[in-house]
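Subject: Handover of a structure and notes on its contents

Dear colleague,

Please find below the structure that I am handing over to you. I would be grateful if you would look through it before reading the notes that follow.

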Amino acid sequence: MIPMCQKRLARAAAQLLSAVTLRIRGSVCCASRSVSVQSGPSSQRPLPQRYLGQPSPYSHPHLLRPGEVTPGLSQQEFELRRHKLMALVAQRSHGNPHPPAGKQGSPDSQGDVVIVLSHHTCYMTNDIPYPFHQNPDFLYLTGCLEPDSALVLCPNPGHAPDHSALLFVAPRDPARELWDGPRSGLDGAAALTGVDQVYPTQELGRVLLGLQGCTVWYDSAQVAHPQLHQEHVLPLLEAGGRTRPLRPLTHSLRAVKSAAEVALMREAGRVTAQVWPEGAVWDSTV
């Protein structure tokens, strides 16, 4: 009874991850926030033919289709999320006709910068880590499941799109990968996530110092990665300028589900309903 139930649960889980996909051709739009993303046939980079720091269409073709970052969610889906966030940031900074008292944008601001850090690896002992859990806001905007990473969205005036996405990831280290598992590296992260500009995490501080004078949207009250905050983000905050909390904006976006997310939720409910009776029967026999 137990092995059969486990097999069916595993089969149902694989079904959930492989059956639900969202194919997006031409453009993706969000009518409620008036944001659209155009996608071209040549915008997708070829994936490295190796294991990355997370499942990919190359290593797990039964879970992900080409162009997907996580099961059922494409590169365009994550790109749309970043566009929606920057549109909301611009609305709060400049377009809100009735901003709260004391929340008006600074006339000296050179634009808005969004900084989101990944979580760091926590260890039980010196060499044994806890299972890694990604910062949900960072995962929502990038799909990246690796620690020691960061996302920066900065103004790109006079160009389309009007902002640039910069992803910072840990470079590959063959010696460490023998113990910690594979890393995506710069090329793997760029190909998997679809973010055009990918840099080593060590470059984060240098890039941020070049953004002085901008309004910084960053959650300094609840720091996701203390080391990256201390070494790279804090110098920018101490250089002056305005800082505003980002979490209320990302959480307002996460509360509104896209068609792809609704499809995943429906499939999760269907699979749960399918396996629940079998689990109840097994539990009653224990």
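How many bridges join strand β6 (residues 150-155) to β7, and in which sense do the two strands run? Six bridges join them, and the strands run antiparallel. Within this pairing, C154 stands opposite S164 in β7. Please note that the model is a predicted one.

Strand β7 (residues 163-169) also pairs with strand β8 (residues 197-200). Here the sense is parallel, and the pairing extends over four bridges. L166 stands opposite Q197 in β8.

Is β7 mostly covered or mostly open? Strand β7 is mostly covered, as seven of its seven residues are buried. This holds for both faces of the strand.

I turn next to the spaces inside the protein. A search of the whole structure finds three cavities of 30 Å³ or more. The largest cavity has a volume of about 100 Å³. Among the residues that line it are I115, V116, L117, N135, D137, Y218 and D219; the lining also includes Q222, A224, L246, R247 and T250. Two elements, β5 (112-117) and α8 (247-254), each give two or more residues to this lining. The greatest contribution comes from β5, with three residues. By class, the lining of the largest cavity holds six nonpolar, three polar and three charged residues.

The second largest cavity contains about 40 Å³ of space. Its lining is formed by E77, L80, R81, K84, Y140, S258 and E261. Which element gives the most to this lining? Helix α2 (residues 75-95) does, with four residues. The lining of the second largest cavity divides into two nonpolar, one polar and four charged residues.

Finally, there is the largest pocket, in which about 690 Å³ of space lies. The largest pocket is lined by 24 residues, and T121, Y123, P147, D180 and R183 are those that lie nearest its centre. Its lining has eleven nonpolar, five polar and eight charged residues.

Yours sincerely,
A colleague

Conventions. Residues are numbered from 1 along each chain as its sequence is written. This is a predicted model: local features need pLDDT of at least 70, side-chain atom pairs count only at pLDDT 80 or more; totals for chains, interfaces and linings use all residues. Side-chain values use heavy atoms; hydrogens and water are left out. On a 1 Å grid over the protein atoms alone, a cavity is a set of points where a 1.4 Å probe fits but cannot get out, and a pocket is an open set with protein on both sides within 12 Å along at least five of seven lines; lining residues have an atom within 4 Å of a point. Grid points are joined across faces, edges and corners, and a volume is the space filled by probe spheres set on the points. Ala, Val, Leu, Ile, Met, Phe, Trp, Tyr, Cys and Pro count as nonpolar, Asp, Glu, Lys and Arg as charged, and the others, Gly among them, as polar. Buried means under 20% relative accessible area, exposed over 50%, partly exposed in between (1.4 Å probe, protein chains only). Two strands pair if DSSP finds at least two bridges between them.
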